[in-house]
Amino acid sequence: MARSCAFFDAAFEPLGYARSFEGGIWAGYGPNGSGDDGVQILLATPENGQPANFGNGSMLAFKAPTRAAVDAFHAAALSAGGKDEGAPGVRGESDPAFYGAYVSDPEGNKFCAYCRG
């Protein structure tokens with residue numbers, strides 16, 4: 001949990017998310033560290049003792065306010081021990097453009113930060 005929290009503290013900061021609580025096997029993140037607006041990202045140590053994993057063919061994506069925030073997320077995630085899964089850039093041919101960056105956390109879970117336009 002300590003390693004995951006250190007990673008997400010750094011990776012979420014450029015997106016405006018901060019740790020709102022930590023206790024026992026749980027930690028939560030919300031916009032500006034608040035969990036009061038109903039938006040909450042939760043981390044938990046699996047109760048069954050098995051390694052944490054994320055389903056194949058699925059991924060978490062977090063909306064960023066700007067391309068600069070996507071870039072900062074990617075840099076912060078790599079500096080905090082994440083693995084590059086796709087550098088910041090425009091993906092596909094959509095209007096408005098999809099600008100995203102992909103990383104895996106130290107546990108191997110892949111996720112993305114993106115913005116449109």
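This is a predicted model: local features need pLDDT of at least 70, side-chain atom pairs count only at pLDDT 80 or more; totals for chains, interfaces and linings use all residues.

Me: Okay, so is Gly28 buried or exposed?

Reply: Gly28 has a relative accessible area of 0%, so it's buried. You'll find Gly28 in strand S2, residues 26–31. From Gly28 to Leu42 is 14 residues in sequence, but 4.5 Å in space, C-alpha to C-alpha.

Me: What about helices? Which residues of H2 are buried?

Reply: The general idea first: an α-helix has 3.6 residues a turn, so residues three or four places apart point the same way. Now the case here: the buried ones in H2 are Ala69, Val70, Phe73, His74, Ala76 and Ala77.

Me: And what covers the buried residues of H2?

Reply: The cover includes helix H1 (2–12) along with strands S5 (83–91), S6 (98–104) and S7 (110–116). H2 itself runs over residues 67–79 and spans 18 Å from first C-alpha to last, close to the expected 18 Å. After H2 comes Gly81, with a positive phi near 105 degrees.

Me: Which residues have the most contacts inside the largest nonpolar core?

Reply: That core has 23 residues, and Phe7, Phe8, Phe12, Leu15, Tyr29, Phe73 and Phe111 have the most contacts inside it. H1 gives the largest share, five residues. Take Phe7: beyond its neighbours within four places in sequence, its contacts include Ala77, Gly81, Val103 and Phe111.

Note on methods:
Residues are numbered from 1 along each chain as its sequence is written. Side-chain values use heavy atoms; hydrogens and water are left out. Helices (H or I, at least four residues) and strands (E, at least two) are DSSP runs, numbered from the N terminus. The expected span of a helix is 1.5 Å times one less than its number of residues. Buried means under 20% relative accessible area, exposed over 50%, partly exposed in between (1.4 Å probe, protein chains only). Contact means heavy atoms within 4.5 Å. A nonpolar core is a set of buried Ala, Val, Leu, Ile, Met, Phe, Trp, Tyr and Cys residues joined through side-chain atoms within 4.5 Å.
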